[in-house]
Structure formats: structure tokens, C-alpha cells
Number of protein chains: 2
Amino acid sequence: MPRDRSARSTRRLRRSQAAVSQLPWRWLENPYEPISVLSDEQVEAVHLASLAVLRDTGMDFLHPDAIAILEAAGAQVEEAGPRVRFDPAMVEELIRTIPGTIEVRARNPDHNVVIGGKHVNFLAVGSAPNASDLDAGRRPGNFADFSNLVKLTQHFNVVSMHSGYPVEPIDIDPGIRHLHALAEIVRQSDKVFHAYSLGRERILDALEIVRIARGIPMDQLVDEPSMHTIINTSSPLRLDGPMIEGMIEMIRHGQVVVLTPFTLSGAMAPATIAGALVQQNAEALAGLAFSQLIRTGAQVVYGGFTSNVDMRSGSPAFGTPEYTRAAMAGGQMARRYGVPYRSSNATAANAVDAQAAYESQMSLWGAVMGGANFVMHGAGWMEGGLVASFEKFIIDIEMLQMMSEFLQPLPFSDEDLGVDAIADVGPGGHFFGTQHTLDRYENAFYPPIVSDWQNFEAWEMSGARDASFRANSIWKRVIDEFEPPPLPDDRAAELSDFIGRRIAEGGVAAN
Amino acid sequence: MPRDRSARSTRRLRRSQAAVSQLPWRWLENPYEPISVLSDEQVEAVHLASLAVLRDTGMDFLHPDAIAILEAAGAQVEEAGPRVRFDPAMVEELIRTIPGTIEVRARNPDHNVVIGGKHVNFLAVGSAPNASDLDAGRRPGNFADFSNLVKLTQHFNVVSMHSGYPVEPIDIDPGIRHLHALAEIVRQSDKVFHAYSLGRERILDALEIVRIARGIPMDQLVDEPSMHTIINTSSPLRLDGPMIEGMIEMIRHGQVVVLTPFTLSGAMAPATIAGALVQQNAEALAGLAFSQLIRTGAQVVYGGFTSNVDMRSGSPAFGTPEYTRAAMAGGQMARRYGVPYRSSNATAANAVDAQAAYESQMSLWGAVMGGANFVMHGAGWMEGGLVASFEKFIIDIEMLQMMSEFLQPLPFSDEDLGVDAIADVGPGGHFFGTQHTLDRYENAFYPPIVSDWQNFEAWEMSGARDASFRANSIWKRVIDEFEPPPLPDDRAAELSDFIGRRIAEGGVAAN
């Protein structure tokens with residue numbers, strides 16, 4: 001994959017860094033062994049139990065096209081559907097053809113990504129119905145907030161892709177929302193983005209938009225994954241019609257499908273993490289097997305989103321110790337199948353406070369040490385997904401950058417080991433002004449963007465602002481200074497023409 | 001070791017749970033493979049480089065007793081000291097006799113602990129000069145705050161030991177401070193505590209206090225480690241006189257010594273993490289070797305506290321990505337020597353905000369997945385150690401409890417796998433009211449103490465309190481409802497007599 005940085009994009013990166021300092025764009029790879037919370041026997045037990053669920057209970061596929069495909073392949077369809085039962089051997093055979101890594105093209109080749117193997121990608125918040133910031137408080141999602149969150153996603157190098165819409169722009173009619181929203185993403189960003197599988201038409205529109213953005217013909221797009229969609233099962237054990245339609249079109253056009261059961265233990269899944277994992281795995285396997293019937297070698301990702309509810313209230317919880325272990329166990333299952341793995345950065349907190357940070361950390365450690373390749377909702381997600389918070393976005397960027405640095409190898413040359421430097425300073429000395437230190441002054445350590453390391457007196461004199469208030473001034477500066485990445489005039493014109501025409505046609509009828 | 005729970009202590013635990021719910025007391029063991037940030041070759045490189053430092057540069061031992069011991073053992077002493085150089089073979093030979101695990105006795109046998117192997121112990125904050133809470137703000141440490149923090153330490157089961165004084169009670173004269181402080185710990189708590197190695201006399205007083213508390217003769221105490229002391233090197237490469245005196249007395253009396261270099265990369269250690277690790281390891285090895293000359297088989301712990309400074313300001317930073325990797329690397333070194341490992345829960349934050357939580361999380365994951373057996377400053381540490389915060393204490397308890405649950409095995413019986421429960425509910429159903437869920441209603445998931453999982457509207461109606469304000473009401477409730485654990489009358493009287501006599505004698509003269 002080309003890694004050349006054009007003079008143009010180098011200029012752009014340099015300018016962004018002048019605004020708010022940050023780590024450079026890089027492909028992140030996890031050098032560590034993932035944490036195994038399940039024994040090998042337990043991995044097999046989850047595997048076998050989930051095959052038993054698919055054989056005996058089955059899964060509902062709520063679309064005739066899926067039923068037809070599955071029946072033709074030999075799955076056991078109950079009357080005319082929607083219940084489908086699977087022979088375990090058929091599932092095991094089908095998932096063998098799923099590729100272990102996926103290269104995904106951005107319209108700026110510098111922002112291409114790889115999903116799978118040891119690669120780690122952090123994505124922005126997706127699909128929040130509300131937005132929030134410290135100045136204006138919490139409000140229903142709108143296009144202005146949508147656009148600003150897209151700009152933050154574009155700005156920060158540690159976020160390699162967009163999720164769905166960072167916030168739902170509900171001030172735009174649902175029939176034409178995807179047109180305005182995706183056009184805005186293309187105009188403000190050159191990173192890989194997502195299309196919602198809400199029926200066939202929206203996916204076809206999204207495919208045309210990403211084709212225009214990349215400036216390539218459709219047959220090339222089919223060979224070059226350039227967009228992803230999240231397929232959520234309607235747990236337990238159902239796949240909805242609009243999701244199925246989107247999934248079929250995405251796969252037929254060679255694009256990336258991330259299959260994610262949303263198995264909340266105690267609500268849509270058993271009140272045990274083992275049971276929720278069995279159900280997650282059954283739903284994921286059914287979707288993965290189905291994907292290979294649409295097209296052998298379809299590029300799909302195993303998604304895990306098992307968490308638990310508060311048993312007293314039924315409220316969903318995230319970043320709990322159960323969540324962390326489930327995220328790691330999900331990674332073990334995905335690796336058993338050799339399929340890329342998706343996890344999330346999740347919290348149920350209502351404020352950008354210590355809870356928001358520790359729940360997100362528990363999620364992030366679960367994702368990263370669970371071997372996730374694709375970490376949804378990496379920046380900005382709050383309230384269990386009900387809010388995209390501008391301040392949480394910045395706090396998350398700090399946490400993601402710290403995680404990104406954690407994944408870097410320690411410099412370890414003889415010079416770095418510093419035996420001579422230690423000898424030069426000797427007992428009781430100090431290293432502040434030594435040559436060894438001066439040589440490393442600029443880049444010795446990770447420079448934070450939110451963390452304040454002043455002493456208490458200096459911090460108090462500078463306003464005693466907590467991390468959320470410091471984050472507030474950072475996102476505003478980034479948006480103030482934001483400049484969209486260049487989009488060639490011909491593509492911009494073609495995009496406007498297409499969007500204009502589709503809007504004039506009325507977009508997609510209500511469904 | 002006896003694990004019987006007397007009827008008395010069961011009653012006490014039940015009462016505490018009525019106050020603020022919490023996890024039960026338990027010995028924590030880490031079931032996971034530690035994360036290796038160094039390759040085997042890099043571990044050897046640190047080992048060899050640190051031996052070279054001890055051979056060529058040497059370390060200053062600022063006490064004639066240490067010099068005499070080291071010289072007699074064949075170390076190379078420069079004139080009359082303080083510089084001591086070590087033959088690498090001598091160091092390697094000496095540290096072989098360090099035990100891999102240490103059983104430490106509390107005055108309540110239910111609160112005995114094990115340090116080493118896979119055991120994980122979280123300790124309270126130690127040695128902060130200031131205290132802070134949301135009601136009264138930040139103030140110099142005093143005896144009332146000291147006592148309240150001791151009560152919090154006693155109350156929460158996830159904290160298995162006291163560190164030093166949680167906050168320095170500076171309203172008590174330094175000559176008698178240790179007498180009042182340790183007596184208060186014995187009166188309010190039955191957990192293992194710490195004595196400061198500030199010269200010989202204070203350690204002898206502490207030994208008498210712990211002997212009285214346990215109600216045993218001194219020769220039994222010498223056979224039963226019941227107290228610990230932290231020995232910090234004065235980095236680079238110095239061990240101070242008062243520390244040496246305390247270390248010698250603690251070891252001669254069979255008590256636990258935790259040797260911790262404080263190697264801030266860029267200040268008291270090289271501006272590379274590799275170099276800071278070499279220096280940490282050199283200082284630790286020198287102390288560990290010295291400990292075995294005081295008494296073969298002395299129970300010592302390898303402490304790691306490598307972090308980095310902000311290169312622009314010189315401010316110390318904690319919970320950075322450098323800190324996390326150093327904590328894990330330190331664990332690799334300790335395991336290479338088969339010695340128990342100490343790490344910390346550290347943050348430089350000035351407020352109980354997102355920064356405090358994410359830096360602490362980065363520290364805790366470094367400690368736990370670095371294989372630490374002894375995690376200092378587990379609850380309440382802020383501002384790089386300058387403050388013991390009551391609210392941070394509670395936030396930390398939540399984070400420690402979550403980590404404690406993360407270390408528990410997932411229930412994994414056939415029933416837990418839930419194939420039948422999934423079949424009973426079927427596609428599109430829900431698990432709220434099923435028998436499988438009802439059977440697990442009480443104990444299915446970790447119940448948080450600070451985390452608020454209400455939806456935004458309910459959270460707002462209940463006052464929109466962030467995590468720090470919720471923590472504020474929790475610590476006050478615990479202290480309001482606190483009852484000290486029973487101390488037999490004869491021991492209480494003996495303790496008062498001893499303290500009274502030593503205070504009348506004037507305590508320890510200023511040094």
C-alpha cells in the first residue's frame with residue numbers, strides 16, 4: 001500500500017500541529033500478547049455452545065433475500081423463514097474464507113488503514129442522538145454539531161476512521177440525511193468513513209459518494225474496500241431486514257462489513273458473561289457465515305459489544321469489569337476464527353468526570369489488550385451512546401494518544417541504556433542539564449494535550465480548571481483553526497451534482 | 001495461614017456492608033500472564049548494564065554500619081566510604097536467597113496478607129504532606145485527617161494494608177509523631193501497617209507497638225513478619241543514613257523491607273526509560289544485595305517507581321505511557337530475580353477529575369499487568385503525592401474494586417454458558433424475567449459504589465453530581481458510621497502505657 005506523503009498532505013499536517021500539538025499519523029500495531037481471560041478449553045466451550053445454539057435454536061433473518069441465499073446453501077429454513085438453523089459443519093466451513101486482514105482505502109492514500117493482524121484503529125464516536133458541550137449543554141443532534149465533530153475526527157491523527165455519524169443530524173429529513181451527511185464528511189475529511197445499512201438505496205448512494213470522493217470507477221471500488229458499515233444484530237438472534245439489505249449491497253460491492261451483536265447481559269442476553277459470549281458468538285458466526293454466501297472472501301469483522309445491565313434498574317453499563325473481560329474474551333473468539341476484531345471505548349457516565357475516564361479506560365484496555373483491530377467510539381462517546389460530547393472527545397484523544405504511545409517500543413540502544421550518562425552524573429548528581437538529556441529534550445516523552453502537570457499553586461492561579469474545562473478550550477481552538485483537506489475541483493463538482501440530483505429526486509422514501 | 005473468620009469479624013464485616021456496600025475481603029491473585037514490554041534480551045541488557053553501573057560507578061551508602069557490613073562481605077569500599085562498588089558475581093550470589101513470597105501477619109488474622117507470586121495487594125495512600133476534600137479544600141496534614149484516612153483504609157476490604165501515614169500529621173511534634181500515629185493506626189485498624197525508617201529509634205518503637213498489637217513476644221515477632229517499611233534510595237545511587245538504620249533494624253527483627261528507587265527520568269535518572277530502568281535496577285540490586293548481608297533470607301521487595309518529568313518545566317508526571325511501560329518492565333526485572341514486586345497508583349492531577357482517573361488507570365494497569373504484588377498509594381494519592389484526597393480515595397476504591405473483579409475468573413459452568421436459557425428465550429425475546437436471570441439477580445455483576453448509571457434526566461433530577469461529589473458523600477458516610485475493630489483490653493492498656501512512657505521520655509530527639 002502506498003505510504004508516500006505528498007508535499008500537500010505534509011503541509012496540512014504541519015499546519016494542524018501548529019494548532020493543537022498531537023502525535024503524528026501512524027499505523028498502530030500492538031506489540032503485546034493479548035490478555036487471555038478464557039482458557040483454550042473455555043474458548044472451545046463457547047465455540048461449541050454457540051454452534052449448538054445455531055443448530056437447535058437458530059436465528060431469524062428478517063429478509064426474503066437472505067432466506068433465499070441461506071436456503072440455497074443448505075441451511076435449514078423453517079417454512080418460509082425467518083427462522084434459520086445451521087449445521088455446525090456448514091458454519092465452520094463457510095467462515096474459513098474470511099480474510100484475516102483488510103486494507104481500506106481513504107481518498108487521501110496517507111490515510112489508508114489496515115484492519116486485522118496486530119493493527120489497531122481508533123474510530124470516532126458514532127450514532128449518538130444528542131450532542132453536548134460545556135458552553136451550550138446537551139441538545140438533540142444537528143448538522144452544525146455533526147460537522148464540527150467530523151472536523152475533530154479529521155484533525156486528530158490518532159483517530160484513523162469515522163464511525164457512523166458522530167451525532168445524528170436530526171434537523172435534516174431522514175430521506176436525504178445520508179446525502180448531506182456523507183457529502184459533508186467528504187468535504188471536511190479525507191479519512192475512511194462509514195455508511196449506514198438502512199436499506200439498499202442508502203448504501204447505493206454511499207457507494208457512489210465514496211467512488212466520487214476517491215475519483216475512481218465503480219469496478220475499481222469493488223476491488224478496493226473504501227468504506228465500512230456496522231451491522232448490529234437485534235439481539236437475541238435476529239438480523240433485521242434493512243441491515244440485511246445494506247450488508248448484501250456492501251459485500252457485493254467489495255466493502256467492509258462489521259458484524260456486531262449487541263449482547264447486554266441480563267437484558268438481550270443471559271445474565272452471565274459466559275452466556276452472553278455464547279450468544280454473541282452465535283450471532284456473529286451466523287452473520288459471518290451468511291457474509292461468505294453473499295460473496296466468498298467477503299471482508300468482514302467480528303464485532304463484540306457484550307456488557308451488562310444494572311440488575312436493579314435495567315440500565316445498561318459499560319466499562320465494567322464484566323465488560324473488560326468480555327472484550328478480551330471476544331478477541332479470543334475472533335482470533336480462533338482468524339477474523340479481524342472490533343471492540344469499543346464505552347462509558348455510561350453523564351458527565352466528563354472521573355467515571356467517564358475510568359469506564360473508558362476499562363473499555364480501552366479491554367479493547368487493546370483484547371487484540372481489537374477496530375475500536376469504535378474511540379473519541380466522544382458518553383451516556384452509553386446517547387451523547388457525543390465535545391469535551392469527552394478531547395479527553396478520549398488524550399487517552400488514545402497515551403495508548404498509542406504505550407504500544408510503541410521503548411528506545412533501547414546502548415546510548416538509551418545510559419550507562420555512561422549514569423557514570424558521568426554519579427551518585428547524588430542530577431540529569432537536568434547533561435548532554436544525554438539535552439540531546440533528547442524535544443522528544444523524550446509523550447507531550448499531553450489535556451493533562452496539567454503544574455503544581456497546585458500554579459494550577460490554581462491559572463484558573464483551577466479541571467480536565468473537562470481544559471478540553472473545552474482545546475476543541476474550540478481546533479475547530480476555529482480547522483481547514484478542510486483539499487478535494488480536487490472535479491470531484492467536488494461531481495459530488496455536488498450527485499447530491500443535488502438525489503435530493504431533487506427526494507432521496508430515500510421513509511421506511 | 002489461618003483463614004478462619006471469627007464470629008466477631010463476620011459481624012463487623014456485615015456491619016460495614018450495611019454502611020457502604022463493597023466487595024468482601026479476599027486474597028487477590030492475578031490469573032493473567034503479565035504484559036512483557038521488554039524482550040528477554042532487553043531484560044538481560046538492563047540486568048547487565050545495572051551490574052556494570054554497580055561495578056564501575058558504584059553506590060553511596062551514607063552510614064558507617066552499612067560500609068562496615070559491605071566491606072566485610074568483600075564489596076570494594078572507596079577509602080572510608082560512602083562509595084561502594086560491587087563485583088557482579090557477588091550481587092548475583094547474594095540476591096539468590098531472597099524469598100519469593102512473604103506472609104505478613106495482621107493483628108486480625110483474617111487480614112493477614114501474602115506478598116509475592118501471583119498475589120496482588122492494594123495499599124492506601126502514604127506520606128502525603130497535605131489533605132484535601134471538597135468541603136474544606138486543601139490543607140496541611142493534621143491528626144484528624146490522618147485518623148479519618150486510617151478509618152477509610154480499615155473500612156474498605158479491597159485495601160489490604162496501610163502505606164505510611166496516609167497524610168503527615170504535622171500538628172504533632174516530629175519526635176513523638178510516630179508514637180501517636182502508630183497507636184492510632186492500631187486503635188482504628190487491624191490491618192498490616194508500615195513504619196518509617198527515619199533512624200533506629202523510631203523503628204524500635206514501631207516494633208514494640210506492633211508486638212503489643214499482636215499480643216506476642218518479640219522472638220515470635222521476629223519469626224513472623226508483621227510490618228513493612230519503604231526504603232527509598234536518594235537517586236541517583238545513594239542510600240541515606242536514617243534509611244539504612246531503619247532497614248538494618250527491620251531486617252534484624254524479621255520484618256519486611258520494600259526497596260524503592262525513585263528514578264524520575266530526566267531528573268534523578270537518564271532522560272530515557274531504558275536508562276531510568278538501568279538505574280532503578282542498579283539501585284534496587286544494591287539494596288537487595290545489602291539486605292541479604294544484614295540477614296540471609298531477609299524478606300525484601302523490589303520496588304519500581306520510574307516515571308518521567310515534563311521536559312519543559314521539570315514537573316514530575318505519573319500515569320504517563322512511559323510510566324506504564326516502566327511499571328511493566330520493572331515487574332519483568334523483579335520476576336527475573338524471583339523477588340516480590342512493588343508498584344504504585346499514581347497521578348499528577350490537581351483535581352479529582354478525568355485526568356486523575358485516566359492517569360491512575362494507566363498506573364494501575366501498569367502495576368497489575370506488570371505483575372505487581374504490592375501496589376502502594378492504591379487509594380487517595382494525588383498531585384504526585386503532595387495530597388491525600390478524601391474524594392480520590394473513594395474514586396480509587398471503585399477503580400481497585402473493578403480491578404479486583406477483573407482478576408476474578410468468569411463463572412463458566414454449563415448453566416453459565418446458558419444454551420438452554422438462550423433456547424428458552426429464543427430470537428427476539430428478552431432475558432429480564434427468566435428463571436436463569438432471577439437465579440442470578442443478586443450477584444450477577446459488580447455493584448459499583450461511585451458509578452452512576454442512571455439516564456441523564458434522572459441523573460440531572462438527582463442533582464447532576466459528578467463522580468467527585470458522589471465520592472464526597474460516600475467517605476463522610478463511612479467515617480460517620482465507622483466503628484473501630486475490637487482490640488483486647490490488655491493490649492490496649494499495654495499500648496497506652498508504652499506510648500505514654502515514650503512520650504514522657506520525649507520520644508526521639510530531632511535529627
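This is a predicted model: local features need pLDDT of at least 70, side-chain atom pairs count only at pLDDT 80 or more; totals for chains, interfaces and linings use all residues.

Colleague: Which residue of chain B has the C-alpha nearest the axis?

Modeller: The axis in question is that of the 180° turn by which chain B is laid on chain A. In chain B, the nearest C-alpha lies 2.2 Å from this axis, and it belongs to B:Ala354.

Colleague: Through what surface do the copies meet?

Modeller: The interface residues of chain B can be compared with those in chain A. Of those in chain B, 100% are also interface residues in chain A, so the copies meet through the same surface.

Colleague: At what angle do helix α2 and helix α10 of chain A pack?

Modeller: Two packed helices are described by the angle between their axes and the distance between the axes. For α2 (residues 40-57) and α10 (residues 273-294) of chain A, the axes are 8 Å apart, and α2(A) passes α10(A) in a right-handed crossing. The packing angle is about 65°.

Colleague: How many residues of the contact of α2(A) with α10(A) are nonpolar?

Modeller: On the side of α2(A), the residues include A:Val46, A:Leu51 and A:Leu54, and they meet residues of α10(A) that include A:Leu277, A:Val278 and A:Leu285. The contact has three polar residues and no charged ones; the nonpolar residues number 10.

Colleague: Which residues of chain B does A:Val46 touch?

Modeller: A:Val46 lies in helix α2 of chain A and is buried, because its relative accessible area is 0%, under the 20% limit. Beyond four places in sequence, A:Val46 touches several residues of chain A, among them A:Leu38, A:Leu277 and A:Met333. In chain B, A:Val46 touches B:Phe412 and B:Leu417.

Colleague: How many charged residues does the contact of α12(A) with α13(A) have?

Modeller: Helices α12 (residues 354-368) and α13 (residues 390-406) of chain A pack at about 35° with axes 11 Å apart. Among the residues in their contact are A:Trp365 of α12(A), and A:Lys392, A:Asp396 and A:Phe406 of α13(A). By class there are nine nonpolar and two polar residues, and the charged residues number two.

Colleague: Which residues form an aromatic cluster with A:Trp365 and A:Phe406?

Modeller: A:Trp365 and A:Phe406 both take part in the contact of α12(A) with α13(A). The cluster has members in chain A and chain B: besides these two, they are A:Tyr32, B:Tyr32, B:Trp365 and B:Phe406.

Colleague: Is the pair of A:Phe318 and A:Tyr323 stacked or edge-to-face?

Modeller: A search of the whole structure finds 37 aromatic pairs over all chains. A:Phe318 is buried at 1% relative accessibility, and A:Tyr323 is buried with a relative accessible area of 1%. Their ring centres are 6.5 Å apart and their planes stand at 75°, which is over 60, so the pair is edge-to-face.

Colleague: Is A:Ala509 buried or exposed?

Modeller: A:Ala509 is found in the segment after α19 (489-504) of chain A. Its C-alpha is 5.7 Å from that of A:Gly175, 334 residues away in sequence. Because its relative accessible area is 55%, over the 50% limit, A:Ala509 is exposed.

Technical notes
Residues are numbered from 1 along each chain as its sequence is written. Chains are lettered from A and ligands numbered from 1 in the order in which they are written. Side-chain values use heavy atoms; hydrogens and water are left out. Axes are lines fitted to C-alpha atoms, for helices over the stretch in contact, and angles run from 0 to 180 degrees between N-to-C directions. Helices (H or I, at least four residues) and strands (E, at least two) are DSSP runs, numbered from the N terminus. A crossing is left-handed if the near helix is turned anticlockwise from the far one by less than a right angle, and right-handed if clockwise. Contact means heavy atoms within 4.5 Å. Ala, Val, Leu, Ile, Met, Phe, Trp, Tyr, Cys and Pro count as nonpolar, Asp, Glu, Lys and Arg as charged, and the others, Gly among them, as polar. Copies are superposed by least squares on the C-alpha atoms of residues with pLDDT of at least 70 in both. Buried means under 20% relative accessible area, exposed over 50%, partly exposed in between (1.4 Å probe, protein chains only). Rings of Phe, Tyr and Trp (its six-membered ring) pair if their centres lie within 6.5 Å; planes under 30 degrees apart count as stacked, over 60 as edge-to-face and the rest as tilted.
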